Structure formats: structure tokens, C-alpha cells
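This briefing accompanies a predicted model. Please consult the sequence and structure shown below while reading.

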Amino acid sequence: MGDLKERLLAPGSISNLRDGSYRPSASGRQPFQGVDVLGLMKRGQGVRSWIRVDTSGNSQVIEVDKFSMMRRCDLPARDLRLLDPLFVYPSTILGREKAIVVNLEQIRCIITADEVLLLNSLDSYVLQYVVELQRKLTTSGVSEVWQLEGNEFNERRGNRSFNNIYENTSPDYLPFEFRALEVALESACTFLDTQAGELEIEAYPLLDELISKISTLTLEKARRLKSRLLALTRRVQKVRDEIEQLMDDDGDMAEMYLTDKKGRMESSSIYGDQSLMGFGSIDPAFSLSAPITPVSSPPDSRKLEKTLSTGRSRHGSMRSTESGTERIEELEMLLEAYFVVIDSTLNKLTSLKEYIDDTEDFINIQLDNVRNQLIQFELLLTTATFVVAIFGVVAGIFGMNFPISFFDVPGAFKWVLIITGITGAVIFSIFLWFFRYRRLMPL
């Protein structure tokens with residue numbers, strides 16, 4: 001953990017922590033001290049400690065209150081509640097005008113076109129997310145140098161098709177927000193897959209033991225295991241449904257391309273400034289002397305400007321549509337890759353649940369078999385009790401206090417016992433034959 005904290009803050013970011021933009025909290029905590037809700041929230045202000053990672057991979061710990069964060073990222077309060085550690089919300093990926101709100105298991109962050117903001121935490125997965133994002137951003141910077149050299153080499157040889165293919169297939173040239181989203185999806189999928197693997201390692205030996213020996217303790221462990229499995233399955237299913245919902249909606253995917261929207265806004269502002277400058281450069285004598293009448297035709301310069309602006313807007317809309325389609329395809333491929341990963345984890349949990357259900361069915365069959373054996377044994381005891389009751393009837397008759405000449409015959413009681421025993425054996429045999437005939441027990 002200490003190694004992760006040392007790697008998290010780049011050498012250049014240490015100076016950022018010492019400048020005026022970083023103000024330590026009133027409690028004097030150092031960065032990366034873990035999620036202490038009472039320490040992170042100042043009463044009455046809602047100030048929280050955030051980890052900020054920019055496009056260059058530099059990390060910085062800042063403290064921002066809720067309303068400043070809403071204005072900074074142009075987000076409503078309900079979106080920030082998704083990131084609140086005091087509340088438990090299902091996994092969600094929301095695309096907004098200037099930010100992407102990500103709530104994937106342990107990763108709760110806000111992704112913009114220029115930075116990623118995470119709640120300050122000592123959770124290992126949060127630290128790994130920051131370290132992995134910094135590594136990807138640093139690697140992409142090195143890859144851009146190789147890409148420029150490759151472009152010069154391809155232009156010299158006139159090989160443009162290979163260059164286009166290389167640009168479209170390389171994951172290092174995704175926009176910043178997509179790379180941050182990719183790392184978040186990777187971290188969430190890894191976290192869920194790790195938990196599923198741990199659950200499998202614990203489940204299969206326990207279920208095998210339960211099959212061989214049924215006990216109260218083993219049944220209680222199996223019950224807790226099934227509860228954990230169902231909870232984990234719901235979480236994995238929610239992440240899978242969220243990714244699938246994004247893949248099915250092109251509008252949501254286009255809304256998540258923040259770099260493209262930021263570039264269009266900047267270009268539109270530049271075009272607007274140029275149009276205002278062009279309108280102001282028209283001859284003032286001409287503009288002042290021209291009469292303003294509703295039937296007069298517009299000046300030629302206005303016609304030319306209108307024609308150029310119309311053509312530029314059409315050309316820009318066509319280019320934005322084509323680029324938007326390509327970017328949607330890139331994002332769709334990215335989401336599809338992690339959809340396959342999370343679907344594999346869901347299949348793993350589904351197989352484990354089926355194995356648990358099969359074990360439960362096997363145990364129920366065993367218990368039913370034991371119950372049937374007990375019923376058969378009870379039936380035999382009932383039959384034997386009926387036969388023995390015959391002796392009780394005979395003993396009751398001979399125990400009557402009245403004189404009978406048969407009592408004076410020596411050895412008479414012996415024949416009574418023999419005849420009664422034979423009669424009882426015959427009756428018992430008849431009952432057994434009837435049970436076998438009716439298939440009430442395997443005899």
C-alpha cells in the first residue's frame with residue numbers, strides 16, 4: 001500500500017500540492033488517508049477531498065465543496081449523490097453535457113475532457129485505478145511520438161491506408177475520457193471477477209463436503225454462501241445491464257464524447273468571433289449611407305458571408321456526423337470488450353448457482369430417500385405391533401376369572417401359544433406380500 005501511495009503522486013505533482021491551489025484540511029490530514037466520512041465532510045460546507053488526474057497523468061489532491069463541483073463539472077446534485085459514500089447506489093454510467101459520472105463498484109469518479117476527479121480513498125482498487133490511468137496516459141504520450149514518426153515514414157512512402165488502419169485500431173489514441181472510462185471498467189470487472197473467483201474457491205469444497213456429510217453447520221455455511229452469491233450476481237448483472245444499455249443507445253454514446261463536444265464549442269466560438277470581425281470590417285460609409293428599407297436587397301458582402309457560413313455549417317455537420325459515427329463505433333467496441341468480460345463473470349456465477357441448486361436437489365433427494373425408509377420401517381413396526389397384539393388378546397381371554405375345563409388339560413396352554421404364533425406369522429406374511437404387491441416397499 002505504501003508503494004502505491006508513493007507511485008500515485010508523480011514527482012511533478014508534489015509541487016502542485018505545495019502551491020496555493022492546495023489547502024490542507026482543518027484536521028491536518030495528509031493526502032490518501034482513507035475514506036473517513038467525518039473527516040472528508042466539513043459541517044455546513046460539504047467540503048470533500050478529491051484526487052485529480054489531468055490529461056498528462058499528474059495527480060493532485062484538492063478539496064472542493066459540493067456547489068463548486070457542480071459548477072465546475074456542470075452536474076446536478078442528484079448526480080453527485082451517486083458518488084457519496086454515505087449512500088449505496090447500483091452501478092451507473094451517466095453521460096452529461098460536460099462530464100461522465102461513473103459509479104462502478106469501488107470506482108466513483110467524474111470524468112471530463114481535461115481531468116478525472118475521484119473521492120480521496122485508501123481503497124486498493126482506487127489507488128490501482130489512479131496508477132493504471134497514469135500509466136496509460138504516460139504510455140499514450142510515448143506512443144504519440146512513435147505515431148508521428150510513423151506518419152512521416154508513411155507519407156514518404158505514400159502508404160496512407162496502413163496509417164489509417166493503424167490509427168483506427170490503436171487503443172492509445174482514444175480520447176482522454178474514453179481512456180479513463182476504460183480503466184474504470186477494467187478495474188470494476190477485475191474487482192467483480194476476483195470476488196467471483198474467491199467465491200468459487202470457497203464454494204466447491206463446501207458443497208462437496210455437504211454432499212458427503214449433511215450437518216447443521218455445513219448447511220448454515222451453504223446458506224451464507226448462497227446469500228453472498230445472489231448479492232454478487234445482482235451487482236454483476238447491474239454492471240452488465242448498464243454496459244448493454246449504453247451499447248444499445250447511440251445517443252448516450254455520442255453524448256459521452258466530451259472531447260468532440262469541447263472541440264465543436266471552441267470552433268463555433270472561433271467562427272463566431274471571425275464573423276463578428278468580418279461584419280465590423282465592412283466599409284462604414286457604405287453601411288451608414290445605405291437606406292434601411294424592407295424591400296431593399298442585402299449587400300453582396302452579406303450574401304457572400306451567408307453563403308460561406310451555410311456551406312461551412314453543412315460541411316462541419318457532415319464531418320461531425322462522420323466523426324461521430326466513427327467515435328461511436330470506437331466506444332461501442334470498447335464497451336463490447338468489457339461486456340464480454342463481465343458476461344463471462346456472470347456466466348461463472350450462474351454456473352456456480354446452478355451447481356448449488358443441483359446440490360440442493362441432490363440433498364433433497366437424499367432426505368426424501370431417508371424419509372421414505374423411515375416410513376417403510378414405521379410400517380413394518382406397525383404390522384409387527386398388530387401381530388403382537390394378537391397374543392395380547394389371547395392372554396386377555398385366558399386371564400379371565402371363570403372356570404373352563406380346557407384349563408385342566410396338561411399342555412393345553414403350550415398348544416395355544418403354538419397356534420397363536422403360527423397365526424401371527426401367517427398374518428405378518430400376508431401383510432408383507434400385500435406391501436410388495438402394492439410396491440409400498442422394496443422387499
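Is Glu255 buried, partly exposed or exposed? Glu255 is partly exposed, its relative accessible area being 28%. Its salt-bridge partner is Lys261, with N and O 3.3 Å apart. Lys261, by contrast, counts as buried, because its relative accessibility of 8% falls under the 20% cut-off.

**Overall composition**
- The secondary structure of the protein consists of 14 helices and six strands.
- The protein has 443 residues, of which 34% count as buried.
- Among contacts with a separation of 6 or more, 67% involve residues 24 or more positions apart.

**The E1–E2 hairpin**
- Strands E1 (residues 48-54) and E2 run antiparallel and are joined by six bridges, with Val53 opposite Ser59 in E2.
- Four residues separate the two strands of this hairpin, and Gly57 in the turn has a positive phi of about 90°.
- In strand E2 (residues 59-64), five of the six residues are buried.

- Arg228 and Glu202 form one of them, at 2.9 Å from N to O. Arg228 lies in helix H9 (residues 216-248) and Glu202 in helix H8 (residues 176-212), so the pair ties together parts 26 residues apart in sequence.
- Lys226 forms a salt bridge with Glu360, the closest N and O atoms being 3.1 Å apart. This pair links helix H9 to helix H13 (residues 300-398) across 134 residues.
- Lys226 is partly exposed at 22% relative accessibility, as is Glu360 at 33%.
- Lys226, Lys353, Asp357 and Glu360 belong to one network of salt bridges that share partners.

Note on methods. Residues numbered from 1 in each chain as written. Predicted model: local features only at pLDDT ≥ 70, side-chain atom pairs only at ≥ 80, totals over all residues. Heavy atoms only, no water. Buried < 20%, exposed > 50% of the residue type's maximum accessible area, 1.4 Å probe, protein only. Contact = heavy atoms within 4.5 Å. Pairing = 2+ DSSP bridges. Salt bridge = Lys/Arg side-chain N within 4 Å of Asp/Glu carboxyl O.
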